[in-house]
Amino acid sequence: MADAGQVLVVDDEPDILESLQILLGEVMGLEVIAARSGNQAMQHLAQAGPQLRLIISDYRMPGMDGLEFLAAAAKSRPEVPRMLITAYAETQLAVEALNRARVAQFMAKPLDPTRLKEVIRQLMGENKAEQQRKVAFDRSLGSVRRDG
Amino acid sequence: MDPQGRSVILVVDDEPDILTVLRGLLESDLKATVHTAPHGTAGLEILRSQPVDLILSDYKMPGMDGLQFLSRANELAPQAVRIMITAYADLDLAISAINEARILHFFTKPIEPDHLIDVLGAVLRAQQATRQRDEALQRSLEMMRRRRK
């Protein structure tokens, strides 16, 4: 399963986390690392190897929220595409998710499994050159930190 | 990048005054070659005729809006970084701009010129670094091929 790639999934709601684990793991054949909080996800991120290919995080969680976590992930693993999912979608959050965490996708809950699978395949299929371009942008834009 | 080695920026906005101001700012502060278009259709024509490094587009324009334009630009010239400017941000627009037009940054008006230059400058520097690395890699591969012959 590791050959298909690893996905780090972060959500404080056990039911949603389990649904995503089933969809990504059993249906799509990916190796899923599950985390219940931003802090726990940071620990997984620190240990994850090159096989980590995608990060999906909920926004509203106790402690470190999904935006903070994905912004930190953009710094430590800029080559890994990031997706924010939320039941509390607002314009400002979407803008910040792009400008601060450089998310590749922003999805409002409830999630459509068909659309989610399509997007995940697209993001995980990005070639090396595209990933390297994103790393360069993340690094360069990391020094410009305002949201407007 | 143009033949003189300057980054090429395409600015699309239906307000002529804004095009003039942005052209002056980007040319002077970023030393970039700037093309302007008053609507999305003209913007696409420019993308078809020459390489562009970065596209800065307004959202609300008559005819093709900025979202439609940037989505088409993503298909036509995916290597060009896309940035949207709007005074009318709403949730659907922001989500579509991220998910469909795959923009890199979203500016809401009014924009501080210094911030605009900071962000665009960082993007262009990253593009140049990537391009230089790719060219160096290409040269190394070419040298290896020659040695093998």
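In chain A of this predicted model, the side chain of A:Arg60 lies over the face of A:Tyr88, at 3.7 Å from the ring centre. Chain B has an arrangement of this kind at B:Lys60, which lies over the face of B:Tyr88, at 4.0 Å from the ring centre. Rings can also be examined for pairing with one another, and a pair of aromatic rings is described by the distance of the centres and the angle of the planes. Here, however, the count of aromatic pairs over all chains is zero.

The backbone deserves a careful look next. Most residues other than glycine have a negative phi, and most peptide bonds are trans. Against that background, the bond that joins A:Lys109 and A:Pro110 is a cis peptide bond, with omega about 0 degrees, and A:Pro110 has its place in the loop between β5 (105–108) and α5 (113–124) of chain A. In chain B, the peptide bond from B:Lys109 to B:Pro110 is cis, with omega near 0 degrees, and B:Pro110 is placed in the loop between β5 (105–108) and α5 (113–148) of that chain.

A:Arg102, in the loop between α4 (91–101) and β5 of chain A, has a phi near 50 degrees, a positive value in a residue other than glycine. B:Lys31, found in the loop between α1 (16–30) and β2 (33–37) of chain B, has a phi near 55 degrees, which is again a positive value in a residue other than glycine. Is each of them buried or exposed? A:Arg102 is buried, because its relative accessible area is 8% and buried means under 20%. B:Lys31, by contrast, counts as exposed, because its relative accessibility is 52% and exposed means over 50%.

At the start of α3(B), a side-chain oxygen of B:Asp65 reaches to within 3.0 Å of the backbone nitrogen of B:Leu67.

Strand β3 of chain B holds B:Asp58, which counts as buried because its relative accessibility is 4%. The side chain of B:Asp58 is joined to that of B:Lys109 by a polar contact of 3.4 Å, and B:Lys109 is the residue whose peptide bond to B:Pro110 is cis. Leaving aside its neighbours within four places in sequence, B:Asp58 is in contact with B:Val12, B:Asp13, B:Asp14, B:Gly66, B:Ile85, B:Thr86 and B:Lys109.

Finally, the two chains can be considered together. Where they meet, 28 residues of chain B are in contact with 27 residues of chain A. The size of an interface is often given as the accessible area lost when the parts come together. Chain B and chain A bury about 2,400 Å² between them, with 59% of it on carbon and sulfur atoms.

Technical notes:
Residues numbered from 1 in each chain as written. Chains lettered and ligands numbered in written order. Predicted model: local features only at pLDDT ≥ 70, side-chain atom pairs only at ≥ 80, totals over all residues. Heavy atoms only, no water. Phe/Tyr/Trp six-rings, centres within 6.5 Å; stacked < 30°, edge-to-face > 60°. Lys NZ or Arg CZ within 6 Å of the ring centre and 35° of its normal. Helix = DSSP H or I, 4+ residues; strand = E, 2+ residues; numbered from the N terminus. Buried < 20%, exposed > 50% of the residue type's maximum accessible area, 1.4 Å probe, protein only. Contact = heavy atoms within 4.5 Å. Buried area = accessible area lost by both parts, 1.4 Å probe. Polar contact = N/O pair within 3.5 Å; in protein donor to acceptor, adjacent residues only side chain to side chain.
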